[in-house]
Amino acid sequence: MDSKLTQFIDVILPLAIPNCYTYRVPENLNGNVLIGQRVLVQFGKGQKQYSAIVNAIHNKAPQNYQAKYILDILDDQPIVNQFQLRFWTWISHYYMCDLGEVMNAALPGGLRLSSESRVVLHPNYQEVVDELSDDEYLVVEALEVRNILSFKEISDLLNIKYVHGKVKTLIEKSAIMVEEELKEKFKPKMEDYVDLKNENISEEELQTLFNDLERAPKQLELLMSFINLSNFFSENKKSVRKKDLIQSVNASPSILQQLIKKEVFKIQQVEVGRLGKKEAINVKNELNTYQVEALGKIHKEFEEKEVVLLHGVTSSGKTEIYIHLIEEAIKKGKQVLYLLPEIALTTQIIQRLSAIFGNKVGVYHSRFNENERVEVWKNVLEFDPNKANDFSVILGARSSMFLPFKDLGLIIIDEEHESSFKQYDPAPRYQARDSAIVLAAMHQCNVLLGSATPSIESMYNAKQGKYALVELKKRHRDIQMPNVLVADVKEATKRKKMKSHFSPLLMEKMEENLDNGKQVILFQNRRGYSPFLLCEVCGNSPQCINCDVSLTYHKYKHELNCHYCGYHIRIPSQCPACGSGALKVKGFGTEKIEEELAIYFPGKKISRMDWDTTRGKKSYYNIITAFENKEIDVLVGTQMITKGLDFDHVGLVGIMNADQMLRFPDFRAYERSFQLMTQVAGRAGRKNDRGEVVIQTNQVDHPTIRQVVDSKYDEMYKNELIDRRNFLYPPFVRIIQINLRHKERNLLQEAALSFGKSLKQIFGVRLLGPEEPGIPRIRNYYHQNLMLKLKQEDSLKRSKELLKTAIIYFNNQKAYKSVRVVLDVDPN
């Protein structure tokens, strides 16, 4: 572009505004701005400064406002590539959100700047996680996801007006830091390295130095150790890390300082990565006959279809097939994205892939701090297949698909059916599985979806020919599928044979397996000790003051907690309504199961894996490693234990309450129940003997229970498809959920009725609602839902345009300006 012409740029601001904003480039910077770079700009009242991403460069001045000058260019080269900008645009259009919201989700916090007061995580925050109160942990957890929060956002999060006290406490605990001024948050990790002051010292001069230090034996010992560690007499001389040198002779830092003063040594700071190095130590396993056949079919299908669905039963060896495909992509110099639904899953997969591919494997998820995420981002951005430490494989949760890939050769989406691939709050509310397929199309690469229990939508796409389907129906080593048994809780309760929440069958099988040295997994999809506390006199149950839910009892803290907003109180000694002391806990969660197991099996090590026990950065790793090493006999957990984990010695899996899943008010309840039960059952008997599964239920003849027992995925799929066709649910329609929120219930109801009426005039019977959800109030905001069902023949693009226009008209009505409208396209 001619540098003499006035240049304008359209930038993406990290704000929820509908359009890009145009700025003018100063004459001295003409020709220096590149698409994808960050520029420093002023925007809004108070002249706040933001780092924005350059989205377009042109010579057209904006017609409706005076373009301001950019203040500075922050990068020498673009940090976002053209693939990403196209992908961001697609996300914002399809999921009906603003580009700035996509930018906030995509960029690591260390690459985002603004001049408003805000808080960020302290580098050592993981060390104090266990000391935090619920409110404090809520702030830390939000920062792990959002990376940065303003005081106003913290106020909204905790639902309190003044947050300075909370922030002060978190600062004192070294959990967060406050940043007032605009500055780059990413700081390279530096370490001190030691070199000889005279790098060209001769052997004669070195001998003289040895003689001079004879009267200082500790200093001489340190020098001798340096000569050894630095390979001084070889052609491959190297600097020695200060910490390693001191530790090599168990010296004190003062000894080194004395040698620096004598000008024997010098110290220099070297940038080192935070990500660690991993050496490849294993070769990949040979595939069995069924895996070879499946791999061959995948290769063949990839020639015709972009997407292949691999439907392989649990423990069929899908991961080994992934490894062979990854190796093929690496040999071609390509990048591979390996998506997993849960951070918990990455622990075992990292170990398996790193053992084969070493430093070529990178990991990216929300448990990494800002600096670690920036380092992964830069590594992917500067990818060179010929560099030993450049990541060819990125393993991560849904956010990893936003990394700056430039040569993707393959995307693997493991456990593709998982609802965790869906982002709920904040916007963009994207489905990572579906979005990754679009990303692959932009890179012209293939996608492999893998699951033992594929989603109805993915299987439907495969049956319709949109995807290719490859099946793997045999377990590795021809091990039989687990023997699934059903325990009739209703009958056992009637006969008074239940031991607390354990049926006679489950107790018998646990005793049998533990006596034989086998491990046991118990699945209960509810954390805490008990879901509610009940007064047996008046029937009152303590409620959250901010949400319309009962408070959950957590015994280890002796508190009643709200799992939606974090509100908590000490457990009352008497009923707050009638004053009676007859308070009793009802129901059971993972904490109660853990406690009762310790009573029934006093000599066994019981552990728990749920949200409460996995707060720390290494919590997942520690629990999983302990279970792998047989340091734990019984592992109790929520749904995070159902997802793809591979253990050698599990003989029994118990599903404590199948009815809870089956009764959930959602059109996907039976599908999800089948998936969860099948997946957790698949943890049993994976390597040696046939495993066993006990499902506890009051509905022994329920069709979904029978389908799990008989491993009849096809039957579940056909039944679900019939219901969804009859009642118009995906995959036969697309759904857009419209959620309205306000603190005043009456105003919200009035607004929802008005908005619903206007939408019905546009969409007719395609619109359902408004209606209150099962939990009408969360964090002091009341909710009303509307659902828009669009058939295949309906224009999705036109429908979204009409919906956006209706929202703009609704927001412009003075009476409803304060009502928030939230859109969720393809809700899970």
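**Exercise 1.** How many salt bridges does the structure hold?

*Solution.* The model is predicted. The structure holds 31 salt bridges.

**Exercise 2.** Take the salt bridge between Glu457 and Arg724, and state where its two partners lie.

*Solution.* Step 1: the N to O distance between the side chains of Glu457 and Arg724 is 3.8 Å. Step 2: Glu457 belongs to helix H15 (residues 456–463) and Arg724 to helix H23 (residues 713–727), so the bridge ties together parts 267 residues apart in sequence. Step 3: both Glu457 and Arg724 are buried. Step 4: a network of salt bridges links Glu457 and Arg724 with Arg668, Glu671 and Glu720.

**Exercise 3.** Classify Arg429 and Asp425 as buried, partly exposed or exposed.

*Solution.* Step 1: the two residues form a salt bridge, with 2.7 Å between the closest N and O atoms. Step 2: buried means under 20% relative accessible area. Step 3: Arg429 has 8%, so Arg429 is buried. Step 4: Asp425, at 46%, counts as partly exposed.

**Exercise 4.** Describe the surroundings of Gly450.

*Solution.* Step 1: Gly450 is placed in strand S17 (residues 446–451). Step 2: its relative accessibility is 0%, so Gly450 counts as buried. Step 3: leaving aside neighbours within four places in sequence, Gly450 contacts Leu310, Tyr322, Ile413, Asp414, Glu415 and Glu416.

**Exercise 5.** Which residues touch the most other members of the largest nonpolar core?

*Solution.* Step 1: this core has 119 residues, and Trp88, Ile411, Ile738, Leu740 and Leu803 touch the most other members. Step 2: helix H24 (residues 745–763) gives the most to this core, with 7 residues. Step 3: beyond four places in sequence, the contacts of Ile738 include Phe755, Leu759 and Leu803.

Key. Residues are numbered from 1 along each chain as its sequence is written. This is a predicted model: local features need pLDDT of at least 70, side-chain atom pairs count only at pLDDT 80 or more; totals for chains, interfaces and linings use all residues. Side-chain values use heavy atoms; hydrogens and water are left out. A nonpolar core is a set of buried Ala, Val, Leu, Ile, Met, Phe, Trp, Tyr and Cys residues joined through side-chain atoms within 4.5 Å. Buried means under 20% relative accessible area, exposed over 50%, partly exposed in between (1.4 Å probe, protein chains only). Helices (H or I, at least four residues) and strands (E, at least two) are DSSP runs, numbered from the N terminus. Contact means heavy atoms within 4.5 Å. A salt bridge is a side-chain nitrogen of Lys or Arg within 4 Å of a carboxyl oxygen of Asp or Glu.
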